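Have the structure open while you read.

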Amino acid sequence: QEVRDCAARTLETWERALDGREHLVGDDVTQADLDVAIALTYLDLRVDRAWKARFPELAALQARTEERE
């Protein structure tokens with residue numbers, strides 16, 4: 001449970017960092033966006049996708065990042 005709580009706090013921090021913006025830093029994709037999207041995809045594969053309902057801005061960031069070539 002401790003690991004899930006830590007993950008939830010991390011997702012809350014990332015969601016707040018987006019604050020309605022498309023990218024975590026600046027106006028274009030950065031390594032931060034790519035790294036977070038990879039971590040979110042890992043959650044999808046190894047844990048579950050339930051986080052997407054609670055963190056819609058992160059889910060949108062992940063979707064945008066995965067659409068990139």
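The chain has 4 helices and 0 strands, and its pattern along the sequence reads α-α-α-α. Helices (H or I, at least four residues) and strands (E, at least two) are DSSP runs, numbered from the N terminus. The radius of gyration is 12 Å, close to the 11 Å that the globule rule gives for 69 residues, so the chain is as compact as a globular protein of that length. That radius is taken over C-alpha atoms, and the globule rule is 2.2 Å times the number of residues to the power 0.38.

Before going on: this is a predicted model, where local features need pLDDT of at least 70, side-chain atom pairs count only at pLDDT 80 or more, and totals for chains, interfaces and linings use all residues. Residues are numbered from 1 along each chain as its sequence is written, and side-chain values use heavy atoms, with hydrogens and water left out.

As for extent, the C-alpha trace spans about 35 × 25 × 20 Å along its principal axes. Buried residues make up 28% of the 69 residues; buried means under 20% relative accessible area, exposed over 50%, and partly exposed in between (1.4 Å probe, protein chains only). Of the contacts with a separation of 6 or more, 60% are between residues 24 or more positions apart, a contact being heavy atoms within 4.5 Å.

Now for the charged pairs. How many salt bridges does the structure hold? There are 3 salt bridges, each being a side-chain nitrogen of Lys or Arg within 4 Å of a carboxyl oxygen of Asp or Glu.

| Salt bridge | N to O distance |
|---|---|
| Arg 54 and Glu 12 | 2.3 Å |
| Arg 64 and Glu 22 | 4.0 Å |
| Asp 44 and Lys 52 | 3.3 Å |

Let's take the pairs in turn. Arg 54 bonds with Glu 12 in a salt bridge, and this pair links distant parts of the chain, with Arg 54 in helix H3 (residues 51-54) and Glu 12 in helix H1 (residues 2-18), 42 residues apart. Glu 12 is partly exposed, at 26% relative accessible area.

Next come Arg 64 and Glu 22, which also meet in a salt bridge. Arg 64 sits in helix H4 (residues 56-67) and Glu 22 in the loop between H1 and helix H2 (31-46), so the pair ties together parts that are 42 residues apart in sequence. Arg 64 is partly exposed at 27%, and Glu 22 is partly exposed at 48%.

In the remaining pair, Asp 44 counts as buried at 12% relative accessibility, whereas Lys 52 is partly exposed at 27%.
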